[in-house]
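Subject: Structure for your review

Dear colleague,

Please find below the structure that I am handing over to you.

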Amino acid sequence: EKGGYDHFMLKEIYEQPSVIKDTYRGRLNSAQGIIKMSGIEDNLEKFLNANRIIIIACGTSWHAGLVAEYIFEEFARINVEVEYASEFRYRNPIINSNDVVIAISQSGETADTMAAIKLAKEAGAFVFGVCNVVGSSISRESHAGAYTHAGPEIGVASTKAFTTQITVLTMIALRLAKAKGTLSHSDFHRYLLELELIPEKVKEALETNDIAEEIAATFKDVANCLYLGRGYNFPVALEGALKLKEISYIHAEGYPAAEMKHGPIALIDEHMPVIVVAPIQGHYDKIVSNIQEIKSRSGRIIAIVTKGDTEVRKLADYVIEIPETSDALSPLITTIPLQLLSYHIAVLRGCNVDQPRNLAKSVTVE
Ligand code: F6R
């Protein structure tokens, strides 16, 4: 049932090229310049008239929401707020009837997300669900939705759910951008083509498995780890840290790289591994100077870089090379080596990768 893999988590990591394709198949047609999801088409006016989009989710799904915030704002120029469902529901939030709420949940059963949806509905907002489990409570409670087609995710640590959530949310943003004219025709087309190349690039990114395993062997006994990224890859840093924490029990924190100087840089010494997500697209020069700051304080640097990178390589102790894509789509690729790194560290530490202590796959209690 694990398809020859040692763990469900590894199997699910390796399924990503095909499930990302499953998620856009029948919905995206680059030759015709079409993105079509019935849940969006049927409610297009609601999205176009929305004052803002409020994304509610927990854990990894919340990280997908953060990536989506950047994508929606850039592509469709809609104001987006991303909320932890648990915080949103208890703070007497301001919800208007022309707000669109997007709830993201792999299981579709998360209690806090469910409660936040009910609250939003009572306030008259339109609720759109992005779920993986078909027929789940959240998918039923939402007014409309779009499923991710990740298939069953059994490993407690979410992997393929995350990348398929980002895929669905990117398609929604592109559809809205088309309707609003906020992306040029050529950019819109370029993104459709690039999305279709993602499965192949994820496959290539999976070839970092061996180097991830080597790096894991070097770092498996550390007590702490810092993950840094900027822009679209800031949420990837958060997600990388969460993956490490939950399955290897190593303390890890994700930070926007520029925040280092506001506190966390005090932690840097030769014992602190820093994993930096530094693809060539995006804020490359800025992240290179962030890496220099770490280097000059003797931090050990593991960098995720684009193939052919020259600058980061000069500074980092280890580089993991991934294929190039546009800045906005890069989380789909940069996430892959971080999943593999946590997986191997956890395995080498003898942890129960698929069922980490204290965690459940569906968090149905608040
Ligand atoms: C992390 C993880 C959790 C879930 C969170 C939300 O790997 O699995 O953080 O992402 O409990 O779950 P869903 O998406 O089912 O609402």
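Which residue in β5 is the bridge partner of arginine 52? The partner is aspartate 99. Before I continue, please note that this is a predicted model.

Strand β6 (residues 126–131) is largely enclosed by the rest of the structure, because 6 of its 6 residues are buried. In a regular strand, side chains alternate between the two faces of the sheet. Both faces of β6 are covered: Phe126, Phe128 and Val130 are buried on one side, and Val127, Gly129 and Cys131 are buried on the other. Two of these residues, Phe126 and Phe128, are linked with Phe47 into a cluster by ring pairs.

**Leucine 169**

Leucine 169 is found in helix α9 (residues 160–180). Is this residue buried or exposed? Leucine 169 counts as buried because its relative accessibility is 1%, and the cut-off for that class is under 20%. Setting aside neighbours within four places in sequence, leucine 169 is in contact with Ala64, Ala68, Phe72, Ile102, Ile104 and Val130. The C-alpha atoms of leucine 169 and arginine 27 are separated by 12 Å, the two residues being 142 residues apart along the chain.

**The sheet containing β8 to β12**

A further set of 5 strands forms an open sheet with parallel pairing, in the order β9-β8-β10-β11-β12. Strands β9 (251–256) and β12 (318–322) stand at the edges with a single partner strand each, so one side of each is left without a neighbour in the sheet. Direction ignored, neighbouring strands of this sheet are turned by 20 degrees against each other on average. Helix α13 (residues 284–295) packs on the sheet, where it touches β8, β10 (273–278) and β11 (300–306); the direction of α13 makes about 170 degrees with that of β10.

Strand β8 (residues 224–229) runs parallel to β9, and 6 bridges join them. Tyrosine 227 stands opposite glycine 254 in β9. The pairing of β10 with β11 is likewise parallel, over 6 bridges, and isoleucine 275 stands opposite isoleucine 302 in β11. Strand β11 is mostly covered, with 6 of its 7 residues buried.

**Aromatic rings and arginines**

How many aromatic pairs does the structure hold? There are 7. One of them is formed by phenylalanine 75 and tyrosine 191; this pair is tilted, at 4.4 Å centre to centre and with 35 degrees between the planes. The pair links distant parts of the chain, since phenylalanine 75 lies in helix α5 (residues 59–76) and tyrosine 191 in helix α10 (residues 185–205), 116 residues apart. Phenylalanine 75 and tyrosine 191 are both buried.

Arginine 190 lies over the face of tyrosine 191, at 4.7 Å from the ring centre. Arginine 357 lies over the face of tyrosine 249, at 3.8 Å from the ring centre.

Arginine 89 is found in helix α6 (residues 85–90). With a relative accessibility of 18%, arginine 89 counts as buried. The side chain of arginine 89 makes a polar contact of 3.0 Å with the side chain of tyrosine 90. Not counting residues up to four places away in sequence, arginine 89 touches Ala111, Asp112, Ala115, Ala116, Leu119 and Glu366.

With kind regards

Technical notes. Residues are numbered from 1 along each chain as its sequence is written. This is a predicted model: local features need pLDDT of at least 70, side-chain atom pairs count only at pLDDT 80 or more; totals for chains, interfaces and linings use all residues. Side-chain values use heavy atoms; hydrogens and water are left out. Helices (H or I, at least four residues) and strands (E, at least two) are DSSP runs, numbered from the N terminus. Buried means under 20% relative accessible area, exposed over 50%, partly exposed in between (1.4 Å probe, protein chains only). A polar contact is a pair of N or O atoms within 3.5 Å; within protein, one must be able to donate a hydrogen and the other to accept it, and residues adjacent in sequence count only if both atoms are side-chain atoms. Contact means heavy atoms within 4.5 Å. Rings of Phe, Tyr and Trp (its six-membered ring) pair if their centres lie within 6.5 Å; planes under 30 degrees apart count as stacked, over 60 as edge-to-face and the rest as tilted. A charge sits over a ring if NZ of Lys or CZ of Arg is within 6 Å of the ring centre and within 35 degrees of the ring normal. Two strands pair if DSSP finds at least two bridges between them. Axes are lines fitted to C-alpha atoms, for helices over the stretch in contact, and angles run from 0 to 180 degrees between N-to-C directions.
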